[in-house]
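Open the model in your viewer and keep the selection panel at hand. The tour below goes from stop to stop, saying what to select and what is there.

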Amino acid sequence: MTTRLESGVRGGIGDSPVRPDGNLKVTGEFAYSSDLWMDGMLWGATLRSPHPRARITSVDLTEAVKLPGVHAVLTHEDVPGARCYGLDHRDQPVLAIDRVRYQGEAIAIVAADHPETARRACERIVVGYEVEEPVTDARRAALDPACPKVHESGNIVRHQPVRVGDASAATADVVVTGEYEVGMQDQAFLGPESGLAVPAEDGGVDLFVATQWLHVDQEQIAACLGLPAERVRLTLAGVGGAFGAREDLSMQIHACLLALRTGRPVKFVYGREESFFGHVHRHPAVLRYEHGATSDGRLVYVRAEIILDGGAYASSTPAVVGNAASLGAGPYNVPNVAIDAYGVYTNNPPCGAMRGFGAVQACFAYESQMDRLAEACGLDPVEVRIRNALSEGSTIATGQVVDMPAPLTDLLERVRAFPPPAARITGEDGRPDLLGLPGGVANTTHGEGVVRGVGYGIGIKNICYSEGFDDHSTARVRLELVGGEPAVLVHTAAAEVGQGLVTLQAQIARTELGVDRVTVAPADTAVGSAGSSSASRQSYMTGGAVRAACAAVRARVFALAGRHLAAEGRGGRVPADLALADGKVVSESEGVIATLAEILHAEAVEETREFRHRPTRPMDPLTGQGDSHTQFAFCVHRAVVDVDVELGLVKVVELAAVQDVGRILNPVALRGQILGGSAQGLGLALMEEIQVRDGVIRNPSFTDYLIPTILDMPPMRTQVLEHPDPHAPYGLRGAGEPPTLSSTPAVIAAVRAATGRSLTRVPVRPEHITGHAMDKPSDLG
Amino acid sequence: MSMEFLRPATWAEALAMKAERPDARPIAGGTDVMVELNFDRTRPPALLDLTAIPELATWNTDIVPGWIRIGAGMTYTRIIEELGGMFPGLAIAARTVGSPQIRNRGTIGGNLGSASPAGDLLPVLLANRGAEVWVESVRKKAGPYPVYDFFTGPKRNLLAPDELIREVRMRVTHGPEQFAKIGTRNAMVIAVCSFALTLDPGEREVGTGIGSAGPTPLLAFDAGEYLAGELDWEGAGPLDDRVARRFGELVAAAANPIDDVRGTAEYRRHALSVMARRTLGWAWADYRKGAAECA
């Protein structure tokens, strides 16, 4: 590696400089998209369907339009361009056309001079519905030809088989089977969907919005507005979390339509309840697995059927299916594989991107199976994983060779080697330490019924976009003198969604250009696409683009250095070993050549570069074979839990994680990703579920959609390994998603160990542990 | 569409305003009211803010011997800090309410006014046999409702439209008290079900209260009667495990739970029996300890 990483500049790669938004967020002063405000702006509101499936027989706007303060009321008839949008299939109407396919689908939008007026106007719109029986059983939607169709095209969005060897004919000494279920998790970001659309003089619109990918929004919005993309300009507003939920559009087109119609700025802010209907969720899944192995626990075959409920519209279901299928065998060597992954349409809430998508659902199932296999073979759960673990040079189920470090055995051995946490039932005063017990301060146990359990989980996640997608990012870097001092401006369209990307871009520029003063410009569409802040890809992709643009700037500075030397009469030969450090051009052999101030004068050096990862290929539609992924990432968890087995309450005592990240770019941000990902996985294991019955959401609020608190999320012991990936910038490996995969099965394995229950569904509820569930899962018989 | 905001500075002024505007919604900490407003579930024409009335946020024990008066504006935090010694069960229950921010604002009067079957303090008030809710209006001078009569249905109570809750009066028994609550996470959670227990050594009586397992907070009357008769008050001997289990069964039988998003009816009954048995164990251990110290 030729990059000088040892440059004396502070706040470069490997450091943890203070993030610019940190203090503002902690003190409540950060401007989120919901804080946007403009003189004379109007407020938007959305009328949504109460029914998951109905024909719309009439829409009467008369009373809404009459309400004083209302400036516009629009339906699908007012959409000037394409009527539908979508990340992959453009199947979702901007506003419902003749029918609704899920509860909460947008039917009409209103702009008024007060948000309350806009909401009241929505209430005055009279919609005639012919309610139909919703399609809610995903397995039936996938496999029963008699199931009513949600869309004309049929209910299967994607069916992806994976075939290796002959899994149907394979036999084995030990066979374990299981059916697993993953409930509908929500990303539960704190900043609700919001943004401000401002009509522009050129007939276009400027949109300020919290999103994950400005350019894919721009493309879809422009198509629906019937405008060329350059007249739909987006600027990233303060994002209050994303986790995948901002990949799909929410209020973007609606705000633009109303702004263009009224000639006034229009702001939307969803309330918390509306937010639960305003974004996609994690696909619920039903997964049937059968593993065959030798009596000493070596896998012979895996057969799996994975059904992912995509809900009413496709969103990113195709990619979710691709992940579940290609990674469905887990990080294991299996000679015979037959996986069938289906993503289907139903009348349930639309599901799409959420941290670890596709891989999370599969990981819960295959890791549960590995524990069953360990038990069947009389092996330690870590040992059975080590016996089957992939390593560098192994082939995954798609035939793709893992051509990068894959230190799974090392990860597993390290996590197992952590000393066990102490049992702490009583505090120092001898009284029960309620904070450390299941139930917490709710005082349900002073130690009675509490049993400890330990469990493990490991996962495999693809990093960056897969399956032949032209995945790229663009960065513009400008070096110039400001007040006589060298300063760098980095401009990308990459969305800072809280993960720390703004900080990282500056770190890279500091390291690459040896300049202390780095400014990161607001992300907007005035520069080329950065791709999505998804798939753990921005350090890799936008990091790679910033690095490439910096290299181009550096090359030009070196050329200017040569010119400077010549002008000074020191010319003739420019040293070959130039580098930038501390605001100077230096040579390892000849020392300081010149300061940047001397070289640059009034000249700004600006370069824009597009960065692409190595190409990937589609999966074969019949066999799933193909080098579909860019990079693989691995994390392993050990969970230690105390379960009150009588009341079914769980206290996770410790989560330990070991992850290989290739190269640590920012230790604090990295730890944040591991903690946050693990917490989200813990949430899926124990509490987080959007409860849907007959297509209707029963708990659209943070009163009943529970996410872990500080008393649920234990202290974490973490260890990070750095085996560089030779294909990636700095050798880095995407780090945000892998902890989300393995934490769920580790926690559940620990609860199983404590309770002896088979617990095949997440999230586990107290009544599943005690055996007082209403719909008794099969394992409770 | 606008909402009037009334902020009386005295109790008399508050009563007058409520008489004039019976449709005004009283608000103290806003724990429940603000959630309803934010979700657009209610849109009262007026809010009656009771936080500027000093005497509502006080307590004293000098009105009737053996009794305490707790002003409706006492926050959960102050209940924990100031009344925890006298009413440990009330303090345990208060500690399970929401987050520190919510406990700093939410009040005992609000808990009674909302009359949610899941109101965390309510089972404790029931378990304090004889506790009273004192209400007042310009029409009628202050008077008590027994707590066990006060709740008439889910989020309904006996308050007339012109009445306000002034205070709670509880008997000071100096006996062991316990409270336990099931939630599906370890903090900041609405009760799946809860149970409060009070042992009154003076009268050799047992008080019980069940939360979130019926349309209102419930008494487990038969369970309390049974237990009062079985406990070895005199000898303070060890608790008979069969008695504890029977007590748990009777508590579960007194509940009238439903299946909902927070849990199943069957689980609620089961959890109540476990909580009843365990809280009895802890309370009886306290009693025995106290008896040993007195001996």
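Start with domain 1 and domain 3 of chain A, whose centres, taken over C-alpha atoms, are 39 Å apart. This is a predicted model, and each value given here was computed from it.

**Stop 1: the domains of chain A**

Colour chain A by its domain assignment: domain 1 is 22-30 + 472-612, domain 2 is 33-132 + 192-239 + 246-278, and domain 3 is 281-466 + 618-780. Now show the boundary of domain 1 with domain 3, where 17 residues of domain 1 of chain A are in contact with 20 residues of domain 3 of chain A. About 1400 Å² is buried between these two domains of chain A, and carbon and sulfur atoms give 61% of that area. Select Ala535(A), Ser536(A) and Tyr540(A): in domain 1 of chain A they lose the most area to domain 3 of chain A, and together they account for 47% of what that side buries.

How many salt bridges are there between domain 1 of chain A and domain 3 of chain A? The count is zero. Polar contacts are present, with five residue pairs between the two domains of chain A, both residues at pLDDT 80 or more. On the domain 1 side of chain A, the elements that give two or more residues are helix 12 (501-513) and helix 13 (538-567). By class, the residues on that side of domain 1 of chain A are six nonpolar, eight polar and three charged.

**Stop 2: helix 8 of chain A**

Select residues 317-326 of chain A, which form helix 8. Nine of its ten residues are buried, so helix 8 of chain A is largely enclosed by the rest of the structure. The buried residues of helix 8 are Thr317(A), Pro318(A), Val320(A), Val321(A), Gly322(A), Asn323(A), Ala324(A), Ala325(A) and Ser326(A).

What do these buried residues of helix 8 of chain A pack against? Show strand 9 (156-164), strand 17 (299-309), strand 18 (336-344), strand 19 (351-352), helix 9 (359-377) and strand 20 (450-463) of chain A to see these partners.

**Stop 3: Leu47(A)**

Go to strand 1 (residues 42-48) of chain A and pick out Leu47(A). Is Leu47(A) buried or exposed? Its relative accessibility is 13%, so Leu47(A) counts as buried, the cut-off being under 20%. Leaving out residues up to four places away in sequence, Leu47(A) touches Glu105(A), Ala106(A), Ile107(A), Ala108(A), Cys122(A), Ile125(A) and Val127(A). For a distance check, draw a line from Leu47(A) to Val176(A): they are 129 residues apart in sequence and 49 Å apart in space, C-alpha to C-alpha.

**Stop 4: where chain A meets chain B**

Bring chain B into view and select the contact residues, 46 of chain A and 35 of chain B. The two chains bury about 3400 Å² between them, 54% of it on carbon and sulfur atoms. On chain A, highlight Glu646(A), Leu647(A) and His772(A), which supply 17% of the area that chain A buries against chain B, more than any other three residues.

Across the interface of chain A and chain B there are five salt bridges. To see a salt bridge here, show the side chains of Glu646(A) and Arg278(B), which meet at 2.9 Å, N to O. Between chain A and chain B there are also 22 residue pairs in polar contact, both residues at pLDDT 80 or more. On the chain A side, helix 3 (115-124), strand 29 (649-660) and helix 17 (766-770) are the elements that give two or more residues. Helix 3 of chain A has the largest share, five residues. By class, the chain A side has 17 nonpolar, 15 polar and 14 charged residues.

**Stop 5: inside chain B**

Contacts join 27 residues of domain 1 of chain B to 28 residues of domain 2 of chain B. The area these domains of chain B bury between them is about 2000 Å², with 64% on carbon and sulfur atoms.

The two domains of chain B have five salt bridges between them. Select Asp200(B) and Arg171(B) to see a salt bridge whose closest N and O atoms are 2.6 Å apart. The domains of chain B also have seven residue pairs in polar contact, both residues at pLDDT 80 or more. Finish on the domain 1 side of chain B, where helix 4 (88-95), helix 7 (122-127) and strand 8 (151-153) are the elements that give two or more residues. That side of domain 1 of chain B has 16 nonpolar, eight polar and three charged residues.

Notes
Residues numbered from 1 in each chain as written. Chains lettered and ligands numbered in written order. Predicted model: local features only at pLDDT ≥ 70, side-chain atom pairs only at ≥ 80, totals over all residues. Heavy atoms only, no water. Contact = heavy atoms within 4.5 Å. Buried area = accessible area lost by both parts, 1.4 Å probe. Salt bridge = Lys/Arg side-chain N within 4 Å of Asp/Glu carboxyl O. Polar contact = N/O pair within 3.5 Å; in protein donor to acceptor, adjacent residues only side chain to side chain. Helix = DSSP H or I, 4+ residues; strand = E, 2+ residues; numbered from the N terminus. Nonpolar A, V, L, I, M, F, W, Y, C, P; charged D, E, K, R; others polar. Buried < 20%, exposed > 50% of the residue type's maximum accessible area, 1.4 Å probe, protein only. Domains from an automatic or database assignment.
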